[in-house]
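Student: I would like to learn how to read side-chain and backbone features in a model such as this. Please take them one at a time.

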Amino acid sequence: MRDVKPRVQPALQPVPDRLRNFDEMIQGYALEDALEEARRCILCKSARCQGACPLGNRIPQWIAELQQGRFEEAYRIIREISPMPELCSRLCPQERLCEGACALGIKHEPVAIGLLERFVCDQNRARPNGVDPTPATAPMTGSKRVAAIGSGPASLAFAQAMARAGHRVTVFERWPKLGGVLRWIPRFKLPSELLDAHLAMLTRMGVTFYTNTEVSWIESLLTDEDFEGVFIGIGASRPSMPQLPGESLKGICSSTEFLVRTFYSREELPNDWEPIADVIGRRVVVLGGGDSAMDCVRTALRLNAAEVTCAYRRDEANMPGSKKEVRAAKEEGANLQWLTAPVAFHSDDGRSVSQVECLRMELGPPDASGRRSPKPILNSAFRMEADLVVLAFGYEVESVFDNEHFFLMAPPKGTVRANPNTGATALRGVFAGGDCVTGPNLVCTAARAGLTAAQHMLRYFAGEPWDVLTAAPVVGSQA
Amino acid sequence: MPPFHDTPHTCTGFRILSKERLTPVTNRFVLEAPWVARAAQPGQFVVVRVVEGGERIPVTIADFDAQAGTVTIVVQEVGRTSRLLCALQKGGAVLDVVGPLGEPFRALKGKVVIGIGGGFGAAALYPIVRGLHQAGVMTEAILGARTKEFLILERELRGVCREVLSCTDDGSYGFKGLVTECLTTRLPQLGAREELEVVAVGPMPMMRAVAAVTAKQGIPAQVSLDPIMVDGTGMCGGCRVTVGGEVKFACVDGPMFDAHQVDFAELVRRNKMYKAEEAALNAG
């Protein structure tokens with residue numbers, strides 16, 4: 001049995017420091033640490049990590065280069081497959097993907113693939129003559145105009161792949177800032193300059209961006225605006241509402257409202273909204289257990305809340321989000337209440353929320369999603385004091401196209417119908433992918449959907465008939 | 001020339017083709033926005049940003065012309081952004097016009113539709129009533145304002161209604177009193193209740209009163225909840241409202257809702273509501 005060294009831990013900001021700033025918590029590997037961690041990889045032939053990566057990142061290949069100190073080559077291999085490794089290495093729940101599949105992880109700690117990928121990217125950015133992350137684009141002859149609606153990870157990956165193939169891409173975004181969901185990720189997880197650098201790279205590749213532009217008439221892009229292909233990547237941005245009594249009391253807001261009011265400046269906020277500069281002395285209750293719940297918990301802690309409680313109806317093992325976020329929230333002092341579900345909101349003065357009434361839950365048999373479904377325990381009701389309640393029950397797709405294109409949307413949550421294997425929708429020339437098709441999922445799965453759609457749009461341009469592209473069963477994942 | 005041929009329109013913004021002062025605090029702008037004009041339908045709104053880094057405000061579409069590529073908005077000076085907007089002149093430009101957003105107005109089955117416009121709500125009412133008129137529905141309008149000088153769009157509405165009744169709080173023009181009082185006196189002259197339908201756009205207290213009157217009379221009614229909208233794209237949930245026991249978002253599920261299903265009492269409790277009331281008080 002070979003001797004396996006323990007996983008190399010990255011430099012972290014100490015907890016007291018972290019709570020005073022919005023800088024990245026994980027500071028990444030120093031060169032020696034990265035080499036030591038890379039050498040833990042046994043470069044196994046089966047490459048289970050690669051199979052578990054939604055993008056099929058050739059992990060053992062670039063780790064082999066890294067082991068030899070060939071950073072540029074490692075970065076080149078990553079970039080051949082991954083459209084946005086700088087982002088994915090920070091945002092992926094690696095323990096459920098590549099690292100969860102790592103052969104070393106069966107008996108020992110898995111290789112820190114995410115941290116290594118981040119190291120390779122950060123190294124490349126830091127080096128004055130590092131590899132230009134801008135991929136070469138094909139010559140523009142015979143190029144076509146294509147449009148992407150929305151500027152989140154799915155559209156950005158699509159735009160990059162199409163620009164790389166030599167087509168002229170226009171991205172439409174309804175908000176003043178580009179990035180879609182990537183804009184709402186707190187800076188302590190994703191520094192905004194990384195997103196800006198990514199967008200700048202796409203601009204250098206010739207992608208045109210229109211912000212503040214609503215596309216409500218898809219056909220017209222094809223018929224009136226000379227676009228030959230359209231990609232719908234509008235994501236899932238509508239906050240799910242729990243439909244509980246008292247939900248409209250003052251002091252209760254959605255996770256999006258909380259994060260937007262914290263991270264946007266006063267001038268940029270819509271319609272006289274007050275920015276949230278701090279929550280000093282306030283008791284914050286975050287409801288939900290996914291990554292956006294953890295984002296809100298950790299943001300509230302940094303805004304100096306008196307206490308931050310997070311209530312989730314399942315147990316810790318069944319939380320949907322990334323384990324590293326939960327661990328960080330715990331370290332930072334969050335009070336996590338598992339098996340706890342809200343049933344009503346109460347107010348002392350009839351206007352603002354003052355308590356959340358909850359029930360304790362127990363786990364029953366697995367439901368359709370394979371997770372054990374929570375059931376309330378009789379007579380377990382209790383109240384939590386709260387001055388600010390953040391609802392983080394996940395997101396739904398806003399059915400913006402249903403007036404004109406009901407056939408693009410599958411009820412009840414209005415997901416866009418597309419062939420999951422090709423991204424093709426019922427409308428000729430129109431593809432879709434990402435959260436708007438699958439419901440809320442990961443940044444990397446959205447990126448893959450964008451790449452898949454681009455690949456099949458190229459086949460469509462090459463003459464593949466539309467009925468072939470839509471031939472596989474057309475389903476929305478909600479169905 | 002389609003608007004998206006490789007030069008970003010954001011460089012120049014959306015040109016103001018005309019500006020007209022309707023009341024001391026209300027302006028009508030005709031904007032060049034072909035993209036929005038082509039897709040717009042009655043009842044929808046746009047989100048406007050005046051300057052770079054400025055806030056986004058939802059504004060109801062007061063008129064649109066797909067052929068001419070224009071969108072008309074009526075703006076009341078109530079906040080910092082609407083003041084900034086109202087300071088712009090013909091030939092100038094607003095930075096962004098995002099839209100059309102929201103669900104279009106859908107008439108129920110009324111043979112006679114009474115449109116009620118309170119204050120500058122008449123602006124949002126106009127395309128709805130015009131659309132109904134063009135579809136062959138018998139239309140009437142009741143307009144209300146604090147005084148005569150705050151009454152707008154009476155002439156335009158006359159062009160698409162068989163009857164327009166105006167009311168002012170001080171009696172300086174038309175009926176002296178509230179739009180609901182005017183409605184109550186008008187109803188007996190209109191015959192069969194089952195053929196009637198009401199659409200109301202205006203300050204929240206007015207719409208609440210219209211909801212109460214029509215509910216009592218058994219007349220279907222719709223109201224526009226755009227006064228509570230925040231960002232207009234359904235992503236913040238700041239404009240949530242209980243309609244028929246279900247939480248809805250005014251911006252994407254509305255702005256028009258069944259008046260009898262809206263939980264107005266809850267809306268009154270919410271902060272935004274007070275703002276809307278203040279705005280109504282300040283501006284008539």
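Student: Which residues form one aromatic cluster with B:Trp35?

Tutor: The cluster consists of A:Phe172, A:Tyr210, A:Phe227 and B:Trp35. Before going on, note that this is a predicted model, in which local features need pLDDT of at least 70 and side-chain atom pairs count only at pLDDT 80 or more, while totals for chains, interfaces and linings use all residues. Residues are numbered from 1 along each chain as its sequence is written, chains are lettered from A and ligands numbered from 1 in the order in which they are written, and side-chain values use heavy atoms, with hydrogens and water left out.

Student: How many aromatic pairs are there over all chains, and what describes a pair of aromatic rings?

Tutor: A pair of aromatic rings is described by the distance of the centres and the angle of the planes. Rings of Phe, Tyr and Trp (its six-membered ring) pair if their centres lie within 6.5 Å; planes under 30 degrees apart count as stacked, over 60 as edge-to-face and the rest as tilted. The count over all chains is twelve aromatic pairs. One of them joins A:Phe22 and A:Phe263: the ring centres are 5.5 Å apart and the planes stand at 85 degrees, so this pair is edge-to-face. A:Phe22 is in the loop between α1 (15-18) and β2 (26-28) of chain A, and A:Phe263 is in helix α12 (residues 255-263) of chain A, 241 residues apart. Helices (H or I, at least four residues) and strands (E, at least two) are DSSP runs, numbered from the N terminus.

Student: Is A:Phe263 buried or exposed?

Tutor: Buried means under 20% relative accessible area, exposed over 50%, and partly exposed in between (1.4 Å probe, protein chains only). A:Phe263 has 17% relative accessibility and therefore counts as buried, whereas A:Phe22, at 22%, counts as partly exposed.

Student: Where does a charge sit over a ring?

Tutor: The criterion is NZ of Lys or CZ of Arg within 6 Å of the ring centre and within 35 degrees of the ring normal. The charged end of A:Lys144 is over the ring of A:Phe461, 5.5 Å from its centre. A:Arg302 lies over the face of A:Phe188, at 4.0 Å from the ring centre.

Student: What should I look for in the backbone?

Tutor: Most residues other than glycine have a negative phi, and most peptide bonds are trans. In this model the bond joining B:Gly99 and B:Pro100 is cis, with omega about 0 degrees, and B:Pro100 is in strand β7 (residues 96-101) of chain B. The bond from B:Gly254 to B:Pro255 is also cis, with omega near 10 degrees. As for phi, A:Asn212 is not a glycine, yet its phi is positive, about 50 degrees. A:Asn212 is buried, with a relative accessible area of 3%. B:Leu153 has a positive phi near 65 degrees, and this residue is buried with a relative accessible area of 8%.

Student: How many salt bridges does the rule find across the interface of chain A and chain B?

Tutor: A salt bridge is a side-chain nitrogen of Lys or Arg within 4 Å of a carboxyl oxygen of Asp or Glu. The rule finds three across this interface. Among them is A:Asp224 with B:Arg38, whose closest N and O atoms are 3.3 Å apart.

Student: What is the area buried between chain A and chain B?

Tutor: Buried area is the accessible area (1.4 Å probe) that two parts lose on being put together, summed over both. Here the area is about 4400 Å², of which carbon and sulfur atoms give 48%.
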